[in-house]
Each structure stands twice: as C-alpha cells, then as structure tokens.
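Hi everyone, thanks for making time.

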Amino acid sequence: MAEPIADDLLQGYAQPTPNGHFGQYGGRFVAETLTHALDGLADLYASLKDDPEFKRELHEDLAHFVGRPTPLYLAERLTASLGGASVYLKREDLNHTGAHKVCNTIGQALLAKRMGKPRVIAETGAGQHGVATATVAARLGLACDVYMGEADVHRQSLNVYRMKLMGANVVPVTSGSKTLKDAMNEAMRDWVTNVDDTHYIIGTVAGPHPYPMLVRDFASIIGQEARAQMLQQVGKLPDVVVACVGGGSNAMGIFHPFIDDADVALVGVEAGGHGLSTGAHAAPLNDGKVGVLHGNRSYLMSDDDGQVMETHSVSAGLDYPGVGPEHAFLKDIGRATYAAATDDEAMAAFRMLNRQEGILPALETSHALAWVVENAPKMAPEQNILVNLSGRGDKDILTVADIDGITL
Amino acid sequence: MSAASPEAAQGRITEQFKVLKAQGQKALVTFITAGDPGPEFTVPAMHSLVAGGANLLELGIPFSDPEAEGPAIQAANERALAQGMTLTKVMEMVVEFRQSDATTPVVLMGYLNSVLAMPDFPARARTAGVDGLIMVNLPLEEAADLQKGLSAKGLDLVSLIAPTTADRRAQEIASNSSGFLYYVSLKGTTGSGALAVDEVAERMKFLRTLSDVPICVGFGIKDAASAAAVGAHADGVVVGSALVQLMADAPDVPTAEQRLQTATAAIRQGLDA
C-alpha cells in the first residue's frame, strides 16, 4: 500500500485559505440554509484529515475494496510510434467501478457515516460519479439518490442500470438543459431541503467550500502514488503531468502532489468540442470568463447577461460549463497551463490507445491523450510524460459505436 | 423617477416600513419573476400587486440556473429567458414602473452571476429606481464588495437568515443588514409546503432581539391564512410562488392583472385581520 507523500513536500503550496479561497476563486456562494451544513462538513474534515484511525479506515478501503495502488505503466508501443518522450500511464481505469471517482466517494461516504447521516445524494453526468456513489452507498448501507440530466439518462443507460442494480434511485432531471449542470442544481435543491439527514457527495473539485479542497485531497492519492512510482520505477520525476479537465477532479488529484516540484509542467486538457472558435465546446479556462455557479467563483462559460451557456463535448463527463476554482487559480499564477482537444482529436487518441496498447480509455481521458499525441513527438526521448488515465471506456462503447455508424 | 435623489432611494424601503408601523400594519411583500410569462406582463402586474395591497415589490432577475427555487419559480425563469429577458430589460421595466409609482419600494432578487455580468449594476439600478437587492447565493462572508458598491449608491443589500443559521452568525448577519431582513421560514426551495408556524414564531422571538431592522418572513406563504399566521410574528410576509403560479397560465395581461389584484387583496385582508 502506497503511503501518502510526507506533508513537508507540500509545504510551499498551501491552498485554499480558511474561507476556501484560491486567490480570487472558490469561496462559498450558496443559499444561507446550507451554510451551517458546510461549516459542519469543513469542521469535521479538519478534525479527521490527520486522524490516524480515519486515515487507516480510508486506506484500508482504498487497498482492499478499490484495489489501490493502481499501476504506473510505460506505454511502449505508443511511445515508439509517437517518437518522442516516453509516455507513462497512471492506470486509474483499473480502480473498482472503472475510474478514479471512487477514491472521492469512499472518502466522503466515510465522512457521512461519521456525521451519522443515513442518506447520500449525488449529481452525475456520464454516470461514473453516480456509479461510484451508488457503490459506496451499497457497501455502507446508505440510502442513495442520484440526480442525472434526462439527456444523460438516455446517453448513459448502462451506468443508469448499474446504479439501479446497487440499490440507488436515479432521478432524471428535466429542467434547463437536462444535463450535468441541471443535475447539480437539482441535487442542491434536494440538499437544501433534506440537509439534516443527507450528505451531498459532490463529484468534482467544484461546489462551495470545503468541497474543492475535500475532493482534491481524496483524489490526491493518484498523484501521491504516481510521484512515488515515477521515482521508484523511472528514477526521476516526469517532465510533464497531463490530465483531462471537466470539473477537474482527476487533474487536481494528480497535479496537487507535484505543485511544489517547479520543474514538472502541469497541463490540463479541456473539451474543445467542435473547436474553440465554434463556441460549441466545454472549455471555460480557454474561452470563458470569471463567474459564479454552483457555490464557487471560477472560470465559467456564460454570456453577456450572466446566463450560463450550454456546452458541447463528445464526452458527457467533460460537458460542464464551469471548472474547479483551484484550476482557475493555477492558471492565473501560471503554475499549470490549460489546452483543449476537440472531439475528433480525442476520438483519434482513443483509437490509437485501443490499437497500440490494448486499452479502451474513457472519452474524457482521451482528451488528455490527444495532447500527448500532439506533443510527445516534439519532446526529447529522455523526457517523460505522466498521463492520468482517469477512467476506462466501457461506458462509452455505445457512443463510439454510434459514431462508427454501428448499432450494437 | 430616474431623477430621484440618493436620499430618496436610500429611504424608500425604510420609509415604507416606518409608515406601516405607524399605521399598525404588516408589510405585504410580493415576488414575481420579471418577464414571466412575457415581458408585457410585468409592469402591469407590478401595479396590480400594489393596487391589491402589496407594500414592497420583489422582482426576480431571470437566471439560467436558479438553484434555490422550487418548480414554480424555476419554470418562471425558463419562460422569461425564452422570451429574451435580460437584466438590462429588468431595469427598463423598473424605469417604466416608476413613471407612475414613485413610492413603492422595488427590490431585485436573483443570483450573483447576473449582477457580476453588469459591472456598473449599482449605478444603473439606482438610476432605474431600484431600492435594493436580494442575492440568493451570496452569504455574509462573500458580500462585502457588492455591499460596498450598493451602499455607495444608496441601495440596500437585503440579508437572508435561515432556520439553520446559528445564533452568533444570525447576530452578525443582522448587524450587517439594511432595508429589511429576510427570514427563510423553512429548509427547502421556494414554494415548498412545509411551513411550521410554531418554529417560525419561536425563531422570530430570538431574531427580534438582534436588530431594529424590520424582519419579513418568506418561503411557504401562499394565502391569507398562512400570511395571517406568520404575519402575527413578523413585520411582514413574502408571497412568491403562489403569485407566480397565478400568472403562469394567464392567457393575457388583463387576466393576469385581475388575478393578481384579487389574490393580493385576499392576502392583504388576511394579514390585516
């Protein structure tokens, strides 16, 4: 079992502030009714995060239920065909439930248990966070309602059924654009109504404080392991760490333990959809402006009247108009850079990994791989890229078949 | 009128509560969403509410993601946005309203992102004849900047207190409040049916000790009976979803005007009884 990296490596970078601000970003922009619950959650987390018993419980679950540590894998054929830097994959696709999301839901479910809350709720887009929440709810015997945009319920029918098999109630959301952002609105409405007995398991590094910090910390096991594995297997840190960014939890999870390693470049890849110039994308860090949605201030795709715009991405998990506030902060201070990959570039990278490595990555993850396909050839052979292979693509089979014009 | 002096703008809400108190009356505060079900409904509706006995008008700024609203007001937001409503148009409606009503306070209510998108909001709101602002998703800790900008233009930022707000925090909110305090009567979204009058009464006793600012209670008040029950413990009541519901299926403006005036008058009667 990989232990977390010693805290002294993170000493230089200490975000957020006690009020949950990352520079001008983050904070807590919610209805007054929720303030009490958020204070309670922040206090509980502060008291537990260094508690040996809580850490033991968490790591026990991550080891024996989730199957961590996940491997660090040198993609040899891909590296050879790109003809530049070596490409290392952090195999988050091998987690139980098929993606990194379960690391966060396990952590938060343990918090819910400590708070004595018998019910959890979640929002989901592609369904991975919903599945990860339903999974831990089943394991801990918690009631579970998952809010999902009606459009996504149809697009991701396999994950909907997986959630139902584990006893969760999937609630289709018919308001607004019927996608992830609307599911989050509906989950907030549920929480404001049932705040006494319900914990809201937010699935990404967004939402009001303390969620961006909490979700990042639970996801940081990815970067902690990967950093140690790079040192152990390769003998040095990577030159670049790459991850896809929707809300940005897998990216924050792998970035965070590297933030004080000034020589390691951090690259997030947003969903470029049909192309940044078309406006049909989900890339607020590339083409958005500062705004407030779902409890925090960050970059946001909104129009001149402040209305949140509809987004487009081939991957439901990146199809979100906002982004975690810590990414906004890392962008502004120049510690991380944010690129975008189009639907087509992501699909091409997806197929490349299928054929050359025998891995079906999630379409979300394929955006990070698209950056690698473009940039690894420009790098020297002695350089290394670490990619967060954040999830597996089984859930996307129907979407891909559809693009190929095949009915399964 | 757009030429109103800053002092007048500062005073309208406070003045209204002073007058009501002198008359021994409770404030009837009404909420409708601007531009719902169509832009032509709003100004006539505002006048009808006043004619029916409303003392203060809340006008909702339509927003794409109204995360604290129940189904009635969510739908109102969607209808208004489908008709092309913007914050600029909301301001224009207030200007038009002020042409024949210079005294009834108007408070805009909505979500922070709408206001952030208009950097000169305080100046424009004041010029339009707006008296205050309620931001659903702007708790005390984040409010300082906007509050400064508003108060420089003589506008009140109305603070909200919830059933879950701890005592010390309520004290802090109360001492930062201006215009009036909005007590959210229940845990839930707007228009929810779970109003518990005893709990509200209990909480009001405590809130009364914190500040001299008038306190209005909203969420879950829908008719004369609930208005009377809650009004007995507060300086005023806020009615929203029930009125929005009445307008939703009004076939034309005169019907909406008539329905609103009748409903408001009935609630007024309950409140005054």
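**A walk through chains A and B**

Let's start with what sits around helix H1 of chain A. The buried residues of H1(A) are covered by parts of both chains: from chain A, the cover includes strand E2 (25-29), helix H4 (101-115), helix H8 (180-193) and helix H9 (211-219), and from chain B, strand E6 (159-161) and strand E7 (181-184). Before I go on, please keep in mind that this is a predicted model.

So which residues of H1(A) are the buried ones? They're Glu32(A), Thr33(A), Leu34(A), Thr35(A), Ala37(A), Leu38(A), Leu41(A), Ala42(A) and Tyr45(A). As for length, H1(A) covers residues 32-48, and its 17 residues at 1.5 Å each should span 24 Å; the end C-alpha atoms are 25 Å apart, so that agrees.

H4(A) and H9(A) meet at an angle of about 120°, and their axes are 8 Å apart. Their crossing is right-handed. On the H4(A) side you'll find Cys103(A), Asn104(A) and Gly107(A), and H9(A) brings Val215(A), Phe218(A) and Ala219(A). Sort that contact by class and you get 4 nonpolar residues, 2 polar and no charged.

Helix H10 (residues 224-231) and helix H12 (residues 253-272) of chain B have axes that come within 8 Å, crossing at roughly 35°. This crossing is right-handed. In H10(B), look for Ala224(B), Ala225(B), Ala227(B), Ala228(B) and Gly231(B); they meet Ala266(B), Ile267(B), Gln269(B), Gly270(B) and Leu271(B) of H12(B). That contact divides into 7 nonpolar residues, 3 polar and no charged.

Now back to chain A, for the sheet. It's an open sheet of 6 strands with mixed pairing, and the order is E3-E4-E14-E9-E10-E13. Strand E3 (72-74) and strand E13 (336-342) are the edges, each pairing on one side only. From one strand to the next, the twist averages 30°.

E3(A) runs antiparallel to E4(A), joined by 3 bridges, and Leu72(A) is opposite Lys90(A) of E4(A). E4(A) then pairs with E14(A) in the parallel sense, over 6 bridges. Lys90(A) turns up again here, with Asn388(A) as its bridge partner in E14(A). And why call E4(A) largely enclosed by the rest of the structure? Because 5 of its 6 residues are buried.

One last thing to find: helix H15 (residues 363-375) of chain A. H15(A) lies across strand E4 (86-91), strand E9 (240-244), E10, E13 and strand E14 (384-389) of chain A, at about 145° to E9(A).

Key:
Residues numbered from 1 in each chain as written. Chains lettered and ligands numbered in written order. Predicted model: local features only at pLDDT ≥ 70, side-chain atom pairs only at ≥ 80, totals over all residues. Helix = DSSP H or I, 4+ residues; strand = E, 2+ residues; numbered from the N terminus. Expected span 1.5 Å × (residues − 1). Buried ≥ 20, exposed ≤ 12 C-beta atoms within 10 Å, placed from the backbone. Contact = placed C-beta atoms within 7 Å. Axes fitted to C-alpha atoms, helices over the stretch in contact; angles between N-to-C directions. Left-handed = near helix turned anticlockwise from the far one by under 90°. Nonpolar A, V, L, I, M, F, W, Y, C, P; charged D, E, K, R; others polar. Pairing = 2+ DSSP bridges.
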